[in-house]
Amino acid sequence: MAASVFILNGPNLNLLGEREPEIYGRETLADIETSARDHAASLGIEINFRQSNHEGDLIDAVHDARGKAAAIIVNAGGLTHTSVALLDALNSFDGTVVEVHLSNIHRREQFRHHSYVAAASVGSICGFGSHGYILALDAIHTILERASA
Ligand code: CA2
């Protein structure tokens, strides 16, 4: 059976491609989903790709992943830097969590340097634009392969 990976996207990421292309690139979230879906299929991974502007919806999505998904890739947007509740939810998930950001949050404002999500993640990928989602899928694929060897 194909491994299932949830890819969760937080507030305002639905606006990708519309503004601030110098920071976030020109691709839309739908473009990112298509690339992630294609790459996941090549790795034998099934993805559940979601975006919400609401903290509670993201927490519900993490709960939904419990018992269903082997891993979660999460770009929590601005909630990355504020949400203890999302961290608590991610800590309730038994599988692998990988944090992704399009931009390099460490080269930006000080308030973006701290990530609550990082505390629940095996690793964080930032600064590679949409390719970060592909890198996260590759990392998860390697982790799952090693775990089943
Ligand atoms: O770099 C990332 O992926 C971020 O998670 C994006 C968040 C930001 O708050 C994080 O610090 C880093 C913001 C997403 C907002 O995306 C927009 C895209 C186009 C226009 C306006 C906002």
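Two strands are said to pair if DSSP finds at least two bridges between them, and helices (H or I, at least four residues) and strands (E, at least two) are DSSP runs, numbered from the N terminus. On that basis, five bridges join strand 1 to strand 3 (residues 71–75), and these two strands run parallel.

The structure is a predicted model, in which local features need pLDDT of at least 70 and side-chain atom pairs count only at pLDDT 80 or more, while totals for chains, interfaces and linings use all residues. Residues are numbered from 1 along each chain as its sequence is written, and side-chain values use heavy atoms, with hydrogens and water left out.

**The chain as a whole**

The chain contains five helices and five strands, which follow one another along the sequence in the pattern β-α-α-β-α-β-α-β-β-α. Its C-alpha trace spans about 40 × 30 × 25 Å along the principal axes.

Of the 149 residues, 43% are buried, where buried means under 20% relative accessible area, exposed over 50%, and partly exposed in between (1.4 Å probe, protein chains only). Contact means heavy atoms within 4.5 Å, and among the contacts with a separation of 6 or more, 76% come from residues 24 or more positions apart. The side chains include 10 positive and 18 negative ones, and the centres of the two sets lie 3 Å apart; Lys and Arg count as positive and Asp and Glu as negative, without His and the chain ends, and each charge is placed at NZ of Lys, CZ of Arg, CG of Asp or CD of Glu.

**Strand pairing**

| Strands | Bridges | Facing residues |
|---|---|---|
| Strand 1 (residues 3–9) and strand 2 (residues 45–51) | seven | Phe6 and Asn48 |
| Strand 1 and strand 3 (residues 71–75) | five | Ile7 and Ile73 |
| Strand 3 and strand 4 (residues 96–101) | four | Val74 and Glu99 |

Strand 1 is mostly covered, with six of its seven residues buried. Strand 3 has five of its five residues buried, so it is largely enclosed by the rest of the structure. In a regular strand the side chains alternate between the two faces of the sheet. In strand 3, Ala71, Ile73 and Asn75 point one way and Ile72 and Val74 the other way, and all of them are buried.

**Phe49 and its surroundings**

Phe49 lies in strand 2 and is buried, with a relative accessible area of 12%. Leaving aside neighbours within four places in sequence, Phe49 is in contact with Ile7, Asn9, Leu29, Ile32, Glu33 and Arg37. For one of these, Glu33, the C-alpha to C-alpha distance to Phe49 is 6.8 Å, although the two residues are 16 residues apart in sequence.

Asn12 is found in the loop between strand 1 and helix 1 (21–24), and its phi is near 75°, a positive value in a residue other than glycine. Glu20 is also placed in the loop between strand 1 and helix 1; Glu20 has a positive phi of about 50° although it is not a glycine, and its relative accessible area of 32% makes it partly exposed.
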